Amino acid sequence: MKRRGNPLPPSPSTDAKAVAAALYQAGLHDGAFDVERLFDTLFSSAVHNHAMVAVGRKYGAGGETAYHLVFGRLVQDLGKP
């Protein structure tokens, strides 16, 4: 995130709201939250794609979809201002 100008809170931070807000901001694209953008920002698109292939192999397409939906909803519910 820091490479893209969206630094996370200081590492000793235990403020879950601050971490969620930083994750939410990292996932914004054209004013809307996009979990795909968040993953690409956090990990790079190559690492994101590799991880999703691994999740898909282990849990199937439904598992991959659930992973995105659940994580995206958590970030939005906790991080959206």
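**Exercise 1. Determine what share of the contacts between residues at least 6 apart in sequence join residues at least 24 apart.**

Solution. Step 1: a contact means heavy atoms within 4.5 Å. Step 2: in the protein chain of this predicted model, 48% of the contacts between residues at least 6 apart in sequence join residues at least 24 apart.

Before the next exercise, two conventions are needed. Residues are numbered from 1 along each chain as its sequence is written, and side-chain values use heavy atoms, with hydrogens and water left out. As the model is predicted, local features need pLDDT of at least 70 and side-chain atom pairs count only at pLDDT 80 or more, while totals for chains, interfaces and linings use all residues.

**Exercise 2. State how confident the predictor is in the protein chain, and in which elements confidence is lowest and highest.**

Solution. Step 1: pLDDT is the predictor's confidence in each residue, from 0 to 100. Step 2: its mean over the protein chain is 86, and 84% of the residues reach 70 or more. Step 3: helices (H or I, at least four residues) and strands (E, at least two) are DSSP runs, numbered from the N terminus. The protein chain has three helices and two strands, in the order α-β-β-α-α. Step 4: confidence is lowest in helix α1 (residues 16-26), with a mean of 88, and highest in strand β2 (residues 32-33), with 95.

**Exercise 3. Identify the buried residues of helix α2 (residues 35-43) and explain why they line one face.**

Solution. Step 1: buried means under 20% relative accessible area, exposed over 50%, and partly exposed in between (1.4 Å probe, protein chains only). Step 2: in α2, the buried residues are Val35, Leu38, Phe39 and Thr41. Step 3: viewed down the axis of α2, these residues fall within an arc of 165°, so they line one face of the helix; the arc is that of the directions from the helix axis to the C-beta atoms. Step 4: the buried residues of α2 pack against α1, β2 and α3 (45-79).

Step 5 concerns the ends of α2. Asp34 caps the N-terminal end, with a side-chain oxygen 3.0 Å from the backbone nitrogen of Glu36. After α2 comes Ser44, whose phi is positive, near 100°.

**Exercise 4. Classify the ring pair of Phe39 and Tyr67.**

Solution. Step 1: rings of Phe, Tyr and Trp (its six-membered ring) pair if their centres lie within 6.5 Å; planes under 30 degrees apart count as stacked, over 60 as edge-to-face and the rest as tilted. By this rule, the count is four aromatic pairs. Step 2: the centres of Phe39 and Tyr67 lie 5.6 Å apart and their planes are at 25°, so the pair is stacked. Step 3: this pair links distant parts of the chain, with Phe39 in helix α2 and Tyr67 in helix α3, 28 residues apart. Step 4: Phe39, at 3% relative accessibility, counts as buried, whereas Tyr67, at 38%, is partly exposed.

Methods: Polar contact = N/O pair within 3.5 Å; in protein donor to acceptor, adjacent residues only side chain to side chain.
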